Amino acid sequence: MIAVAYPLDPLSGEEFTTVASILQREHGVGDGWRYASIEMIEPSKAELRMFDEGGDPPSRRAEVICLQRANNATYKSVVSLSEDRVESFEHIPGVQANFTVDEFVECDQLLRTHPDVIAALAKRGITDMDLVFMDTWTYGDAVAPPEYRDRRIGWSDTWIKGGPGMNPYAHPVSGLHCVVDLNSMELLRVEDSGPFSGEGVEPPAVMGEYVPMHIPESIRASSRREPLKPLHIDQPEGPSFTLDGNLLRWQNWSLRVGFNHREGMTLHTIRYRDGERERSVAHRISLAEMIVPYRDSSEDHYRRTAFDIGEWGLGFMTTSLELGCDCLGEIRYLDAVLHNSKGEPYTITNAVCIHEEDNAVLWKHVDHDVGAEVRRMRRLTVSSDVTVANYEYLMYWRLYQDGSIECEIRATGIMVTTPLAPGQPHPNGTLVDERTYAPFHQHFLVARLDMDIDGTDNTVFMTESHAEPMGRDNPYGLSLVTRNHPLHTESQAKQDVNFATQRAWKVVNTNVVNGIGTHPSYKLVPSGAIPPLFDPDSPVIARANVIAHTLWVTPNHPGERWPAGEFVNQSARDTGLAKWTLANRSIENTDVVMWYVFGIHHITRPEDWPVMPVDVVSFWLKPFGFFDRNPALDVVGTPPDMCHTETTSAHH
C-alpha cells in the first residue's frame, strides 16, 4: 500500500498508475479504452473521526469511469488501493462520460487534416490550415442528430486566426460545424449553412486582438495610459498561515485543501478555534456544477449549452498560476496531480494559490474622548484558475477574521461572436465590432455546501424580514421583524431568492445553545443569485432542473454529489436533484447538504471585447450566533509606522 499522509489527501501520481495497472490486470483496460476519470473515494465522516482519534486509516479507494471505445460502452469501477484489487466493474448503459482533454486535441487534429473540412474552408477562401482552430463541444440529447444519438459524439466550431500567434477566437467561421464520433475519431458529417444569410458578402473587418504586439498601432496610439508606479506587497517575516501538506492553518481557522478532476479545488474539515474549542463549521465545500446556456437559437449557437464541470471537469481545465500575475504577496502553492485518458499521471504545477490579502478596515470606532480604535482586515485566499476553451474562471475561497467565508468567482476571457451580413438583425446579442455580435448567455454555478455547524445534525431555516402594518402598536410604521421558518422536507427546501423580503437561509444546530441562549448557526447570504428565465418545458431545464431554484437542501448521501446527475454529457434529463428530491425526505436535525445556485447574467457589452474585464459574482457564509460576540475583538492593531510612508507635499 502506498503511504498517505492523511486520508483526505488527493490521489498521487503513483496511485493513478497503480489504479490503471490493476484494471489492466483484472479487466484488460488498456488499448482501445479511455480513462475518463479516476477519483479518490473520500472516507466517511465516521471513518475520519475514528482515524483522528487514533484509529487505523480508512481504506484507500478510487472510483474510475472508463470507456471501451469499440463498443461505445461506459464502465464504472471501484478499485481498492489498500487491497490491490477491483471491488466492482459495472457497465452503465445509455450514458456518456465526461470529455477528455485528449479527445479535444485529437478532434482538432482530425478535422484540420480532413479533406472534407479542407474543401469546405477552401470554398470560403481559407487555405492556410496552420491558422485554423477547431473547438469541439458536447451535445445535449435534444439537439443531438437523432441518427447519431447512440454514439459518443461532439460538434465543432471553426476559427481562423488573423496571423501566426494571433487570437484564435477573433474570427469565427460562421455556419461551418462538424459532427464527430469521438470513439472512432471519425468525421460523421460537415454541416455548412454558409457564412451569412446573403451569399457573396465579405467577412467584417474585426479587431479581435488583445496581445499588445498584435493590436494595431492606430488603436494603441489613441489611448496612451501612464504606467503605474510599482506596488510592492512585502511580508519580511513570511506569511501568517502555515501549510503542512494539505493542512492549512490561519487566524483560528484550519482546513484541508483537496483537488479532483471534476470539481478542481475543494475545501474540507473547516474548523474555527473558539477559545479552547475546535469548532466544526463545514465538512466539505466545493463547486459541483457550472451550466452555461447560450440564449440564442441561431445556427451557430443553438447547441451551445455547456456543463463545464460535468462534461469537462474543472480539474482537467485548471492552469498553472504565476507569481506576480495571478496572486501577489508571500505565496504558497499546491501542485495538482491528474491523469490523461491512458490513466497516466501528470502534474499541474502551482494549481492552487494560497496567500493573505489586506482588505481595508475590519472594524473601527472614533470616540470623542478616547480617540480612534481601528483594525485592518486581513483575509486568507485560496484560489485556482481554469481555462474552459474561450472563457477563464478565477475561483477564490476567502476566510475572514470575523468567522465569515466568501466564495468569489471572476469570469474573463474571450466572448464567442458571430459575423453578420449587412442589415442582418441580432436580437439575442450585442454588437461588439463591425457586423459582429456576441450572444447573450448565462453562467449558473452550483455550490455544494456540506455544513456541519458544531456537529453533523443541523436544520436549515428560511429567514425573512417583514414590515409590520401601521396601527396602535406601530404608529410610525417603523416595526421591522424577522421570521424564521424551519425547512422540514426536500420539497419545502426548493427555495427561490426574494430580495423584497431579504430572504436568506441559516444552517442551525438546534441541539446546542450558545452563551446568550440561542442556537449557533451560519447564514447563507444569497448574493449573486440570477433567475433562469427559461420556459419550464425547455430542454435546458429538463437537463438542469437545478437552475430552476436558488437553493436546494438534501440529506447527506455519499452517492449524491452532482446536482444535474453524474453523466450529463448527451443527457436528456436531470438525474441529480430533480430525481433525488422526489423522495421528499426529511431534512430536519440531520446531516444536510445545501446546494446554492448563483451566477452571471451576461448581457454582452462592447467593452467586453476583444478580451473581457472580469465579471465578479460571490456569496457569503456568515456566522449568526455561532459566536457570543464579535470574534475579531482580539485582532491586534497595526503599528502606526506601518500605516503610512513619508511623502513630500506638493505646493501650488
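Which residues does UniProt list for "domain: Copper amine oxidase N2-terminal"? The unreviewed UniProt entry lists residues 7–88 for this domain; UniProt positions are given in the numbering used here, feature names are shortened, and annotations may be inferred rather than shown by experiment. The structure is a predicted model, in which local features need pLDDT of at least 70, side-chain atom pairs count only at pLDDT 80 or more, and totals for chains, interfaces and linings use all residues. Residues are numbered from 1 along each chain as its sequence is written, and side-chain values use heavy atoms, with hydrogens and water left out.

**Confidence and the annotated domain**

- The chain has a mean pLDDT of 95, where pLDDT is the predictor's confidence in each residue, from 0 to 100.
- A pLDDT of 70 or more is reached by 97% of the residues.
- Over residues 648–652, pLDDT stays under 50, and the model has 0 contacts beyond four places in sequence for this stretch (contact means heavy atoms within 4.5 Å).
- Residues 7–88 are 28% helix and 34% strand; helices (H or I, at least four residues) and strands (E, at least two) are DSSP runs, numbered from the N terminus.
- The C-alpha atoms at the ends of residues 7–88 are 21 Å apart.

**The sheet of S21, S23 and S22**

- An open sheet is formed by 3 strands in the order S21-S23-S22, with antiparallel pairing; two strands pair if DSSP finds at least two bridges between them.
- Strand S21 (418–419) and strand S22 (429–433) are the edge strands, each pairing on one side only.
- S21 and strand S23 (residues 436–439) run antiparallel and are joined by 2 bridges.
- Proline 419 has threonine 436 in S23 as its bridge partner.

**Strand S18 and its partners**

- Strand S15 (residues 318–319) is joined to strand S18 (residues 371–388) by 2 bridges, and the two run antiparallel.
- Within this pairing, valine 386 in S18 stands opposite threonine 318.
- Strand S17 (residues 345–367) pairs with S18 over 12 bridges in the antiparallel sense, and a hairpin of 3 residues joins S17 to S18.
- Aspartate 358 has arginine 378 in S18 as its bridge partner.
- S18 is also joined to strand S19 (residues 391–400), by 10 antiparallel bridges, and arginine 379 has tyrosine 400 in S19 as its bridge partner.
- The hairpin of S18 and S19 has 2 residues between the strands, and alanine 389 in the turn has a positive phi of about 55°.

**Strand S27**

- In strand S27 (residues 504–508), 5 of the 5 residues are buried, so the strand is largely enclosed by the rest of the structure; buried means under 20% relative accessible area, exposed over 50%, and partly exposed in between (1.4 Å probe, protein chains only).
- In a regular strand the side chains alternate between the two faces of the sheet.
- From S27, Ala504, Lys506 and Val508 point one way while Trp505 and Val507 point the other way, and all are buried.
- Strand S25 (residues 459–467) runs antiparallel to S27, with 5 bridges joining them, and threonine 459 stands opposite valine 508.
- S27 also pairs in the antiparallel sense with strand S28 (residues 521–525), over 4 bridges, and serine 521 in S28 is the bridge partner of valine 508.

**Aromatic rings and charges over them**

- The whole structure has 21 aromatic pairs: rings of Phe, Tyr and Trp (its six-membered ring) pair if their centres lie within 6.5 Å, and planes under 30 degrees apart count as stacked, over 60 as edge-to-face and the rest as tilted.
- One of the pairs is phenylalanine 104 with tryptophan 312, which is edge-to-face at 5.9 Å centre to centre, with 80° between the planes.
- Phenylalanine 104 lies in helix H3 (residues 101–112) and tryptophan 312 in helix H6 (residues 308–312), so their pair ties together parts that are 208 residues apart in sequence.
- Phenylalanine 104 is partly exposed, with a relative accessible area of 21%, whereas tryptophan 312 is buried, at 9%.
- Tyrosine 596 and phenylalanine 598 are stacked, because their ring centres are 5.6 Å apart and their planes at 10°; both residues are buried.
- One aromatic cluster is formed by Trp253, Tyr272, Tyr522, Phe626 and Phe627.
- Arginine 295 lies over the face of phenylalanine 534, at 3.6 Å from the ring centre; a charge sits over a ring if NZ of Lys or CZ of Arg is within 6 Å of the ring centre and within 35 degrees of the ring normal.
- Arginine 303 lies over the face of tryptophan 155, at 4.8 Å from the ring centre.
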